Amino acid sequence: MKKIFYPAVFHKAEEGGFWISFPDIPECMTQGDDMQQAYEMAVEALGLSITSMEEEGVELPTPSEPCAITLEPDSFCAVIEFDMLAYKKRTSSKAVKKTLSIPEWLNEEATALGVNFSQVLQEALVQKISQTL
């Protein structure tokens, strides 16, 4: 999955900081004490919402055009970038066992060199996935 971009509305909070909503994903809201924290929390909230939707088999809504969003006073729109692959790398450490077959000669040569098969496969898969994005 490629990077996903959704507009977010940053609202100035009366007590200071910001609260953030996503017009295309109404259940996705968060807050932050300052602009940096608010943006980082918006990325995390968007990530949680998108991964939950993906796990439930719910189709992601089409992102609105930022210029089409009606803003209230003391609010502004910012586009939030979410990288699903980076998020999964950061949050999912569950290992999955895979059985595979390779030629005997390749196994012998790699074993003689002390190759870590799991590491090589992981690196190759990450490279392959990155090329397709």
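Two strands count as paired if DSSP finds at least two bridges between them; strands (E, at least two residues) and helices (H or I, at least four) are DSSP runs, numbered from the N terminus. This is a predicted model, in which local features need pLDDT of at least 70 and side-chain atom pairs count only at pLDDT 80 or more, while totals for chains, interfaces and linings use all residues. Residues are numbered from 1 along each chain as its sequence is written, and side-chain values use heavy atoms, leaving out hydrogens and water.

**View A. Strands E2 and E3 run side by side.** Strand E2 (residues 18–21) is joined to E3 by four bridges, and the two run antiparallel. Look for Phe-18, whose bridge partner in E3 is Gly-32. Ser-21 stands opposite Met-29 in E3.

**View B. A hairpin links E1 and E2.** Five residues lie between E1 and E2 in this hairpin, and Gly-16 in the turn has a positive phi of about 105 degrees. Four bridges join the antiparallel pair E1 and E2. Here Ser-21 of E2 turns up again, as the bridge partner of Val-9.

View C. Four strands in the order E3-E2-E1-E4 make up an open sheet with antiparallel pairing. Strand E3 (29–32) and strand E4 (75–83) are at the edges and have a single partner strand each, so one side of each is left without a neighbour in the sheet. From one strand to the next, the twist averages 30 degrees. Helix H1 (residues 35–56) lies across strand E1 (3–12), E2, E3 and E4, and runs at about 55 degrees to E4. Axes are lines fitted to C-alpha atoms, for helices over the stretch in contact, with angles from 0 to 180 degrees between N-to-C directions; contact means heavy atoms within 4.5 Å.

**View D. The largest pocket and its lining.** The volume of the largest pocket is about 1100 Å³. On a 1 Å grid over the protein atoms alone, a pocket is an open set of points where a 1.4 Å probe fits, with protein on both sides within 12 Å along at least five of seven lines, and lining residues have an atom within 4 Å of a point. Of the 26 lining residues, Val-96, Leu-121, Gln-122, Leu-125 and Val-126 are the closest to the centre of the largest pocket. H4 gives the largest share of the lining, 10 residues.

Conventions
Grid points are joined across faces, edges and corners, and a volume is the space filled by probe spheres set on the points.
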